[in-house]
Amino acid sequence: MTDLVIDYTKVREIEVIEQFTGPADETVEPGQYARLAPSTGKLTKGNATTAAEVGGGEGLCITRQVNTITIVKKGILWLGEEVLDALNFGATVYLSNTDGTLADAAGTVSKVVGTVVPLYGHSTFKKALRVNL
């Protein structure tokens with residue numbers, strides 16, 4: 001499994017179908033996976049090491065705010081130059097065992113985050129992630 005390296009300053013929303021905004025109990029950067037922490041009711045980074053770490057109420061962060069973040073549950077995100085270049089169109093992107101991180105293969109618990117899709121009509125954006133959580 002190879003973790004995807006995402007520069008949070010380059011994450012862009014192409015289309016948002018479903019999102020959620022809520023309080024965060026730690027810093028979650030754009031492009032990182034967040035889940036709802038059952039003990040606090042706040043958003044926190046999740047990973048694929050256990051089902052509890054995968055959690056529920058999950059999505060990919062799209063905002064960089066101090067105490068409140070917005071996550072996309074369904075939509076299309078551009079993750080930056082070259083992040084998805086090694087993956088084919090239609091490839092599956094998974095949650096990594098590393099906190100908040102995405103990968104090209106399943107972690108200990110297989111959690112699909114989305115699919116690589118082409119971006120037609122966007123001269124600088126070639127591959128994007130269709131998030132479906």
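The model is a predicted one, so to speak of local features takes a pLDDT of at least 70 and side-chain atom pairs count only at pLDDT 80 or more, while totals for chains, interfaces and linings use all residues. Residues are numbered from 1 along each chain as its sequence is written, and side-chain values use heavy atoms, with hydrogens and water left out.

As for the overall fold, the protein chain has one helix and nine strands, and along the sequence these come in the order β-β-β-α-β-β-β-β-β-β. Along the principal axes, the C-alpha atoms fill a box of roughly 45 × 30 × 20 Å.

Next comes the surface. Of the 133 residues, 47% count as buried; the word means under 20% relative accessible area, whereas exposed means over 50% and partly exposed is in between (1.4 Å probe, protein chains only). The accessible surface comes to about 6,600 Å², and carbon and sulfur atoms account for 49% of it. Such areas come from the Shrake-Rupley method with a 1.4 Å probe, and for residues only the protein chains shown count as cover.

Two buried residues can be looked at in turn. Arg35 is found in strand β2, which covers residues 33-36, and its relative accessible area of 9% makes it buried. A polar atom of the Arg35 side chain lies 3.1 Å from the backbone oxygen of Glu53. Leaving aside neighbours within four places in sequence, Arg35 is in contact with a run of residues including Lys42, Leu43, Thr44, Ala52, Glu53 and Val54. Leu4, for its part, belongs to the segment before β1 (12-23). Leu4 is buried too, at a relative accessible area of 12%. Beyond residues up to four places away in sequence, Leu4 touches Val83, Leu84, Val93, Thr101, Leu102 and Ala103. From Leu4 to Lys74 it is 70 residues in sequence and 19 Å in space, C-alpha to C-alpha.

Lys74 itself is in strand β5 and is partly exposed, with a relative accessible area of 30%. Not counting residues up to four places away, Lys74 touches Val16, Ile17, Glu18, Val131, Asn132 and Leu133. With Asn132 there is also a polar contact, side chain to side chain, at 2.6 Å. A polar contact is a pair of N or O atoms within 3.5 Å; within protein, one must be able to donate a hydrogen and the other to accept it, and residues adjacent in sequence count only if both atoms are side-chain atoms.

Gln19, in strand β1, is also partly exposed, at 44% relative accessibility. Setting aside residues up to four places away in sequence, Gln19 touches Ile62, Thr70, Ile71, Val72 and Lys73. Tyr33 is 14 residues from Gln19 along the chain, and their C-alpha atoms are separated by 13 Å.

Glu82 lies in the loop between β5 (68-78) and β6 (92-95) and has a relative accessibility of 61%, so it counts as exposed. Glu82 is not a glycine, yet it has a positive phi of about 70°. Lys126 sits in the loop between β8 (112-118) and β9 (127-132), and at 56% relative accessibility Lys126 counts as exposed. Even so, Lys126 is in contact with Trp78, Phe89, Val117, Pro118 and Leu119, neighbours within four places left aside. Lys126 and Asp85 are 41 residues apart in sequence, with 8.8 Å between their C-alpha atoms.

Methods:
Helix = DSSP H or I, 4+ residues; strand = E, 2+ residues; numbered from the N terminus. Contact = heavy atoms within 4.5 Å.
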